[in-house]
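Welcome, and please open your viewer with the selection tool at hand. We will take a short walk with a few stops.

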Amino acid sequence: MNILTNIAPVKIMLATLAAGIVLLPAMAGAQVLVPSGSFHSVMPEVKGEPVKVDSFYLDTTAVTNKKYNEFLQDHEDWQPQNIPSIFAHKGYLKSWKNANSDDIVNPDHPVTNVSWYAANTYCQSIGGRLPTLNEWEYSAQLMDFDSPSDAQEFASRLMSWYSTVDNENIGAVGSSGIENSHGIKDQFGLIMEWVEDFKPVIANDLSLDCGTVGRMQQLGNAYSYAASIRYITRMSFTPKSTNSTVGFRCAYDVEKITEKEASL
């Protein structure tokens, strides 16, 4: 039952943070505040000192094909026929038939086959940024389970999904049925996502393969397997990578949202 040992502390933390959940009236359904807190990473950490994360805003869902197409209409340099090769591999938006019209296939599905450069530019264009690796992982662990058996079932579902990701049948955003306690959806069960610092700093002579992560990680809870796979997979990426199962969502600094709200 080692896989469940950290569930109780997570639930206590959620109860403490619940009062801090704030929906921006003008952005309800788009971004929510993730209050500050801490979490345990799969990376080595000083005993008794979990990774601390400041408050931030995060999109409730991944960026869709429709939203990305709107971005392309205003940023023609990022359309497939124009994007410089230094910013994306040839697979960039390869599933799109036409980036110049509104006739986008699966408009409510997450955009994939986008490079880190493209995802980063999109987020900056709307006043945001990519979430940091720690922000993304912290949010992903803010699930609430009614019982240890629920947590175990969740862990089993994740193992199944990460073992058989079907890139030909990715659903619409919000369709995974997985949502953290703040309303952030699909951090599991739909796609993988870019983060700002997708290659965490590790020792110079240490590769982040399955065996290494297995030996290092002390997470020991429902998120262990999924987190390990994500850390390992991210290490294989370059900023130009365009993968059919990788999309993104944007994060926002609290100060910028506060300033924006004050100006309305």
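Predicted model: local features only at pLDDT ≥ 70, side-chain atom pairs only at ≥ 80, totals over all residues.

**Stop 1: helix H5**

Select residues 148-163, which make up helix H5. With 16 residues at 1.5 Å each, H5 should span 22 Å, and its end C-alpha atoms are 23 Å apart, which agrees. Now highlight Ala-151, Phe-154, Ala-155, Leu-158, Trp-161 and Tyr-162, the buried residues of H5. Turn the view to look down the axis: these buried residues fall within an arc of 125 degrees, so they line one face of the helix.

**Stop 2: the cavity**

Rolling a probe the size of a water molecule over the atoms shows where empty space is left. Here there is one cavity of 30 Å³ or more, and the largest cavity has a volume of about 40 Å³. To see its lining, select Ser-139, Ala-140, Met-143, Ile-178, Glu-179, Asn-180, Ile-184, Lys-185, Asp-186, Gln-187 and Phe-188. Coloured by class, this lining shows five nonpolar, three polar and three charged residues.

**Stop 3: two backbone angles**

Most residues other than glycine have a negative phi. Leu-93 is not a glycine, yet its phi is positive, about 50 degrees. Its relative accessibility is 2%, so Leu-93 counts as buried.

Stay in the loop between H2 and H3 and select Asn-106. Asn-106 also has a positive phi, near 50 degrees. Is Asn-106 buried or partly exposed? Asn-106 is partly exposed, with a relative accessible area of 39%.

Key. Residues numbered from 1 in each chain as written. Heavy atoms only, no water. Helix = DSSP H or I, 4+ residues; strand = E, 2+ residues; numbered from the N terminus. Expected span 1.5 Å × (residues − 1). Buried < 20%, exposed > 50% of the residue type's maximum accessible area, 1.4 Å probe, protein only. Arc of directions from axis to C-beta. 1 Å grid on protein atoms, 1.4 Å probe; cavity = no way out; pocket = protein on both sides within 12 Å on 5 of 7 lines; lining within 4 Å. Points joined across faces, edges and corners; volume = space filled by probe spheres on them. Nonpolar A, V, L, I, M, F, W, Y, C, P; charged D, E, K, R; others polar.
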